[in-house]
Structure formats: structure tokens, C-alpha cells
Amino acid sequence: MNRTIRRASVFTLLLVFALLVRATWVQFYEGRALADDKDNRRNAIETYAEPLGNIVVGGERITGSARTKGSDLAYKRTYTDGPLYAAVTGYASQAYAPTQLEGIYADVLNGTDPRLKTVTDTVTNGRAAPGDVVTTVDPAVQKAAYQALGDKKGAAVAIDPETGRILAAVSTPSYDPAELTDANTAGEAWTRLNEDPDKPLTNRVLRQPLPPGSTFKLVVAAAALEDGLYSSVDERTDSPDPYPLPDSSKDLTNENPSAPCENASIRVALQYSCNNVFGKMAVDLGQDKVRDMAEKFGFNDEKQDVPVRAYASVYPSDMDEAQTALSGIGQFDVTATPLQIAMVSAALANDGELVSPHMVSRVTDSGGDVLEDHDEDASTRRIVSSSTAEQLRSAMQTVVDAGTGTNAQLPGATVGGKTGTAQHGENNSKTPYAWFTSYAESDSNGKKVAVAVLVEQSDAERSEVSGNGLAAPIARETMKAALQD
């Protein structure tokens with residue numbers, strides 16, 4: 001063999017070797033990444049080759065699967081009462097990544113979760129029958145909150161304080177997840193929904209923290225009682241009206257200048273929502289003690305899963321005393337989700353203990369065998385003492401009976417609440433946010449519920465925007481549905 005042929009042979013062998021090395025690399029190292037690539041249509045073909053498992057509310061499936069025509073994707077997702085449950089289900093789309101429970105439990109619902117495999121599936125390497133996701137949502141409570149919110153932009157959430165089960169999670173304006181399921185028609189709906197200034201795809205229950213306003217005064221009051229700054233909700237405080245903000249030329253005033261807020265007790269200060277009392281109280285406690293109490297309730301938690309990940313509600317750090325005072329009335333850089341504010345009321349309603357809120361009761365395989373039981377696994381932690389919880393419940397009852405929350409009164413039930421009207425925009429130039437948080441206990445059957453409502457925008461005149469005027473009636477209808485036999 002002459003030298004030229006020998007060199008050509010060696011070069012050819014090197015090329016073959018390089019190709020083998022590359023093929024091996026792709027097969028064993030890059031194969032998984034390529035298989036999982038969102039642009040790999042084979043994944044969508046496999047996912048929608050068979051009907052998906054279902055999301056269940058009140059014992060009824062609120063999702064389904066429909067046979068398609070003229071597509072290599074054999075099935076598409078369907079929804080019953082899609083806009084009603086959109087904040088719970090999210091969507092499963094042939095074109096876009098799934099969201100909310102559809103996304104969290106995608107592997108269970110499409111049959112690829114390893115826990116679903118039977119012995120036969122393992123031997124044949126076949127796809128398992130899909131499982132189901134059973135939610136904690138009560139359809140009557142969900143419908144009541146949804147109808148009460150109506151065309152307002154906002155959110156409502158209801159929690160069973162004794163179990164942590166989320167009974168309702170409503171975000172408005174809503175959308176129909178069915179518009180996004182079909183790859184051939186989803187693009188137009190996706191563009192329209194994302195360009196809508198009201199952001200219907202945003203889950204306002206979990207993922208839009210906003211200033212909580214005076215609902216945060218419950219946290220400050222809890223900190224003051226637990227710290228011993230005040231011995232009871234009926235002890236008079238040291239609170240000038242107006243309160244001169246430290247190191248500032250401005251005063252912290254009250255919405256109602258004739259309210260008896262000077263040196264008011266915690267009960268009276270909650271009843272009339274006295275800014276001067278809670279602003280000074282936050283300064284007297286110091287931001288670290290207020291933050292510690294806020295974090296016990298769940299603020300600053302970056303991993304709050306229900307099981308959908310909620311955005312963190314924030315109590316800030318490194319404030320001066322004037323900023324600390326404003327934080328005491330739920331302003332400055334304090335933000336909260338409706339879920340977080342409902343958790344405050346839930347802990348107080350449950351004698352000071354917070355059961356971890358959860359939207360999924362259990363996850364099952366196709367035969368109904370339980371893979372996950374979130375009711376059983378729900379954790380409980382003490383937030384405040386039984387005495388503090390009892391005193392704050394009593395003060396919240398005064399708010400509803402004879403204070404700023406009278407629109408939440410519910411015959412046949414003991415109701416406590418707290419209103420909030422949070423400033424919005426520079427120098428409060430935009431329409432304020434209206435909040436209401438509450439708890440209720442039925443006088444007849446002993447059922448309990450904790451609720452938070454946020455009205456972000458409505459048709460009401462600016463002068464009519466208040467927690468009692470806009471949010472409390474929504475909370476009342478939600479509580480009424482939750483307490484029914």
C-alpha cells in the first residue's frame with residue numbers, strides 16, 4: 001500500500017471514529033435534552049396521543065379530552081366552566097407550556113409519572129394510564145366568590161382554617177382555558193389575552209402582591225400583644241393624633257378625622273382603622289419585631305407552594321422610622337397576595353395556629369389509589385398564642401358589628417374582619433385598592449372559613465372605594481356559601 005492510500009485510510013478512520021464519538025455523545029448525553037426540548041413535536045404527539053387524566057372539583061371532573069380531526073395530535077384538553085376555575089386549573093395547551101395545576105401535575109395527568117406504571121407497563125415500556133388531581137375547592141364557594149366579584153378586577157380566596165383546604169380561588173377578569181388548548185387556534189387567543197391591559201392570565205390570588213393597606217394592622221397588633229407592648233386589645237395606647245412621623249415634617253393622619261383615635265386601644269383602633277395608632281405601634285416595636293411576626297404568618301417566604309408556587313409577600317428591611325411607621329399601616333414597600341392576607345385571618349380563626357394552605361386534596365392513579373395525600377400531610381405551626389388569637393378575633397368582631405366592616409355581617413354566624421384601602425400610584429394618584437379579610441363561624445353547624453378579597457379596580461367612583469364598600473360584600477357572599485350545611 002503506497003503512502004497516499006495509507007494516509008487516506010487513516011484519515012477516513014479518524015473521521016469514522018469522530019462520527020462514532022459524536023453519535024455516542026448525542027445518544028447518551030444530549031438525547032434527554034433533545035427529547036425534552038419544547039420544540040420537539042414528538043413530545044406533543046406523545047402527550048396528546050391519549051386522553052389526559054382529570055382535575056376534580058366537588059367529586060366532578062371539570063376537565064376532559066376531545067378527539068381532534070386532521071391533526072397528528074389525537075386529543076386536546078377540554079374544560080367545564082373554564083373561566084370559573086381558570087385560577088385553579090390553569091391550562092394544558094398543545095402550543096404552550098401548561099400552567100397552574102395542569103403544569104404542576106402534567107406528568108400525572110399525561111401518564112408519564114413513574115408512580116403510575118404497572119408491572120405490565122414496565123415490561124412493555126408502555127405508557128401508563130393517567131392519574132387524576134382531586135382539589136380541595138368547594139364548587140358552591142367558588143361560584144359565590146366568582147359571581148360576587150362580577151366584572152371587577154380582583155381576587156377572592158377562602159380557606160378552611162382548621163384543615164388548610166383552599167375552598168375557593170378566584171381571579172378576575174378570568175379567561176377560558178379552552179381557547180388555548182388547540183395548537184391551530186391558540187395563537188390568536190394567546191396574543192389577545194397577553195395584550196389585554198387587565199391581564200386575565202395573571203393569577204391575582206397567588207401571583208400579584210400589592211400593598212395590603214390596613215389589613216396589615218392585624219399583623220402589627222399581633223406583634224404588639226405577643227411582645228407585651230400592650231397587655232390586651234382594650235388597653236389604651238400611647239398614640240397622638242395625628243402622629244408626627246419621626247425625622248419628617250409630615251404627620252400620619254386618619255381617614256376619618258373625627259374618629260376617636262387619640263390613644264385608642266387596639267380594639268378601637270381596628271374598629272376605626274386608626275393609622276396613628278398602628279404607625280406609632282410599628283415604630284415602638286421596631287421593624288425587626290414586626291418583620292418577625294409577619295414572617296411567622298408567611299411573609300418573605302420564597303417557597304410558598306399550595307402546590308402552585310405563590311409569589312412572596314414582602315415585609316421590607318432597612319427602613320428608617322418614618323418608613324417603619326408607614327409599613328405599620330400596610331404601605332411603604334409592604335406587599336401581599338390575597339392568599340397571604342387570608343392566611344392571617346385563618347391563623348387567628350384557628351386559635352393562633354396556621355395549617356398550611358393547599359389546593360389539592362390528593363393525587364390518584366387511574367384506579368383511585370392515592371399517590372399523594374395533601375390533607376394528611378398538611379403541616380401546622382403556631383403563629384400566636386391562643387390568648388392573642390382570641391383577643392384579635394374579638395376585636396375583629398367589633399369591626400364588623402360596629403366599625404368599618406359592617407357590610408360583612410352575616411345572620412346566623414359570628415363574623416370578624418378588617419378593612420383595608422391601600423394607596424395606589426405616586427401621591428395616591430390612582431384609584432386605591434380595596435381589601436377585606438375576615439373569618440366566620442356558623443352558629444348552627446360550627447363550620448369555619450377565612451376569606452380575603454382584593455378589588456383592584458371597579459366602576460365605583462374614587463370617593464366610594466373602600467374595603468367595606470367594595471370588598472366586604474364579596475367576602476360576605478363567599479363566607480355565606482362556605483358555612484352552608
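These legends go with close-up views of a predicted model.

Local features here need pLDDT of at least 70 and side-chain atom pairs pLDDT 80 or more, while totals for chains, interfaces and linings use all residues. Residues are numbered from 1 along each chain as its sequence is written, and side-chain values use heavy atoms, with hydrogens and water left out.

**View 1. Arg-115 and Glu-372 pair up across the chain.** Their closest N and O atoms sit 3.0 Å apart, making a salt bridge (a side-chain nitrogen of Lys or Arg within 4 Å of a carboxyl oxygen of Asp or Glu). The two residues are 257 apart in the chain. Asp-113 joins them in a network of salt bridges. Glu-372 is buried at 18% relative accessibility, whereas Arg-115 is partly exposed at 38% (buried is under 20% relative accessible area, exposed over 50%, partly exposed in between, with a 1.4 Å probe and protein chains only).

**View 2. Glu-188 meets Arg-192 in a salt bridge.** Here the N to O distance is 3.4 Å. Glu-188 is exposed at 52% relative accessibility, and Arg-192 is partly exposed at 36%.

**View 3. Arg-393 forms a salt bridge with Asp-351.** The closest N and O atoms are 3.9 Å apart. Arg-393 is buried at 18% relative accessibility, but Asp-351 is partly exposed at 30%.

**View 4. Gln-331 is tucked away as a buried residue.** Its relative accessibility comes to 11%. Leaving aside neighbours within four places in sequence, Gln-331 has contacts (heavy atoms within 4.5 Å) that include Pro-211, Leu-326 and Thr-421.

Definitions and conventions. Helix = DSSP H or I, 4+ residues; strand = E, 2+ residues; numbered from the N terminus.
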